[in-house]
Amino acid sequence: MCFTFQPTPKFLVLYFLLNKMNKIMILELKYSFLHFMLVSLVIFGTACEPKEPTNLADHILIPHPAEITASGGRFQLNTEATVSANDPALNGITDYISASVAGYKVVDADDADILLSLDMSDSLLGDEGYRLDISEDQIVIKANQPNGVFNGWQTLRQLMPLSNTGSIELPTGTIMDYPRYAHRGSMLDVSRHFFGVADVKRYIDFLAAYKMNVLHLHLTDDQGWRIEIKSKPELTTIGSSTEVGGGEGGFYTQAQYQDIVQYAADRFITIIPEIDMPGHTQAALASYAELNCNGKAGELYTGTEVGFSTLCTDSEATYEFVDAVVKEIAAITRGPYIHIGGDESHATQKEDYIYFVNRVQKIVSKYGKTMIGWDEIAQCEIEKETIVQQWNSAGNAAKAAQNGNKIILSPATRTYLDMKYDSTTRIGLDWASLIEVNQAYNWNPDTMNATVAADFIHGVEAPLWTETVENMDDIEYLVFPRLLGYAEIGWSPQTVRNWDGYRTRLAAHADRLEAEDINFYRSPLVDWGGKDSIEHL
Ligand code: TNX
């Protein structure tokens with residue numbers, strides 16, 4: 001039982017009067033009783049001061065939920081809380097919860113502390129939305145689909161401290177929440193520098209914590225081919241053997257890639273594999289001579305220039321190669337998409353580029369997948385289902401929308417995670433812009449392109465190109481805290497978003513990021529609470 005005790009003035013007057021009269025034995029007894037009461041109430045009242053906020057609406061959630069209704073009460077959650085699900089389709093999530101919070105136990109009981117339920121039919125919530133009810137006796141997360149329950153858990157997780165070291169009190173109320181856009185993602189370039197399976201899994205966990213649902217893996221570029229293709233072994237024996245700066249590179253075996261796909265799927269994240277073509281292909285050109293128009297294998301490349309390489313677009317060997325690669329990638333990818341790159345093909349003639357993309361699109365559909373490409377593909381004859389990823393050209397985006405194609409927004413000036421925060425940032429580039437935390441946050445995808453209607457916006461994706469990024473510490477420094485802003489832009493209604501509210505919530509996340517040992521940029525635009533700034537770089 002916890003309560004706060006504040007002695008009233010009347011109480012104190014009585015206390016001191018009795019003190020004066022302490023010669024009278026009987027009152028002395030009363031006095032010592034009152035003395036004991038006062039001291040113990042003050043100590044007890046202070047020791048029990050609740051640490052959690054009482055108002056659910058005051059909470060620090062990122063992304064900000066669509067609707068929060070606080071009811072002013074409290075629910076106590078013990079270190080050995082019980083978790084139950086009313087549908088076997090949720091068993092993966094109960095296991096995930098008990099694995100993420102040491103001490104939580106999965107039980108089969110309707111009155112568990114945390115009850116997960118698919119007992120919901122609300123079209124507003126879609127597949128990813130949820131309703132979280134915290135009452136004084138139970139927490140219930142309901143959704144139409146398991147994906148929604150998982151997102152509801154991520155919200156609840158942010159209402160709790162990261163480490164389970166004592167019982168906690170949660171504010172009661174209801175959250176009704178669902179995403180603004182279908183596609184909320186980040187891209188990781190594993191070609192310029194290679195990152196192993198453990199790093200990719202850590203990146204997936206970052207996305208899951210903020211309700212993002214796509215990891216786009218940039219698997220191939222001039223500096224390295226990073227995925228095993230069994231029918232083209234030299235892509236890995238030769239093409240994977242280096243990276244920017246001359247390091248040893250690396251690649252994922254198909255089994256490792258499938259492990260990544262499964263790990264992501266367990267967190268309701270779709271992997272989008274990118275095989276960048278016809279430019280950005282020096283690693284492939286160095287592995288197979290027949291992909292070069294002169295029939296000679298090119299040299300491996302470890303620099304950072306772009307736009308100098310191209311597959312030979314009028315050779316059948318090229319299409320036989322693309323077919324073999326797409327076939328194998330499609331077979332090991334669960335999601336519906338294959339990204340074919342298509343950016344910065346400056347070494348390809350325009351008509352050759354168009355011919356190439358049109359043919360590759362047919363190969364992608366032949367293997368049952370939908371094509372995505374960087375915005376340059378809007379100049380080709382793309383099918384209605386093809387998705388265009390805008391990184392640079394508003395003209396290409398307008399063209400795509402006119403043609404009825406959906407657009408993923410990755411404008412370099414707002415969403416490029418490899419751009420420096422300010423001119424002093426140790427790593428990163430600055431060709432598009434410096435991107436401080438407010439510039440990353442303060443924009444509206446629906447109105448970004450004057451000529452593209454909101455209906456065509458499929459979602460938002462923040463790419464991390466890794467020319468200057470060598471290890472997980474570097475990744476974290478550029479990704480955090482900007483990623484939280486992109487998660488919110490993709491998820492939350494525009495009406496609940498504003499920079500001042502956001503940066504206050506962001507400051508409150510510092511403790512969580514530290515507890516996860518994440519190396520993040522302490523932007524001077526955010527009041528991190530006067531703590532010593534731990535600048536790791
Ligand atoms: C442009 S954006 C690229 C990448 C580079 C990046 C560096 C795009 C589709 N292409 O090849 O890595 O700039 O910021």
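These are notes on a predicted model, taken element by element.

1. **The sheet.** Seven strands form an open sheet with mixed pairing. The order across it is S1-S7-S5-S6-S4-S2-S3. Strand S1 (67–77) and strand S3 (105–106) are the edge strands. Each has a single partner strand, so one side of each lacks a neighbour in the sheet.

2. **A pairing inside the sheet.** Strand S5 (residues 130–134) runs antiparallel to strand S6 (residues 139–142). Four bridges make up this pairing. Within it, Leu 132 faces Ile 141 of S6. Helix H3 (residues 91–100) packs on the sheet. The strands that H3 touches are S2 (82–85), S3 and S4 (114–117). The direction of H3 makes about 165° with that of S2.

3. **Helix H5, length.** H5 covers residues 197–209, 13 residues in all.

4. **Helix H5, burial.** Which residues of H5 are buried? They are Val 197, Val 200, Lys 201, Tyr 203, Ile 204, Phe 206, Leu 207 and Ala 208. As background, an α-helix has 3.6 residues a turn, so residues three or four places apart point the same way. Note that Lys 201 is among the buried residues. Just after H5, Lys 211 has a positive phi of about 65°.

5. **The ligand site.** There are 14 residues around the ligand. Those that come nearest are Arg 192, Tyr 416, Asp 418, Trp 431 and Glu 467. For Arg 192, a side-chain N or O atom is 2.8 Å from a ligand oxygen. For Asp 418, a polar side-chain atom lies 2.6 Å from a ligand oxygen. For Glu 467, the distance from a side-chain N or O atom to a ligand oxygen is 2.6 Å.

6. **Ser 309, setting.** Is Ser 309 buried or exposed? Its relative accessible area is 2%, under the 20% cut-off, so Ser 309 counts as buried. Ser 309 sits in the loop between helix H8 (282–287) and helix H9 (316–332).

7. **Ser 309, contacts.** The side chains of Ser 309 and Asp 222 make a polar contact of 2.6 Å. A polar atom of the Ser 309 side chain also lies 3.0 Å from the backbone nitrogen of Thr 281. Leaving aside neighbours within four places in sequence, Ser 309 is in contact with Asp 222, Pro 278, Gly 279, His 280, Thr 281, Gln 282, Leu 285 and Ala 347.

Key. Residues are numbered from 1 along each chain as its sequence is written. This is a predicted model: local features need pLDDT of at least 70, side-chain atom pairs count only at pLDDT 80 or more; totals for chains, interfaces and linings use all residues. Side-chain values use heavy atoms; hydrogens and water are left out. Two strands pair if DSSP finds at least two bridges between them. Helices (H or I, at least four residues) and strands (E, at least two) are DSSP runs, numbered from the N terminus. Contact means heavy atoms within 4.5 Å. Axes are lines fitted to C-alpha atoms, for helices over the stretch in contact, and angles run from 0 to 180 degrees between N-to-C directions. The expected span of a helix is 1.5 Å times one less than its number of residues. Buried means under 20% relative accessible area, exposed over 50%, partly exposed in between (1.4 Å probe, protein chains only). A residue is near a molecule or strand if one of its heavy atoms lies within 4 Å of it. A polar contact is a pair of N or O atoms within 3.5 Å; within protein, one must be able to donate a hydrogen and the other to accept it, and residues adjacent in sequence count only if both atoms are side-chain atoms.
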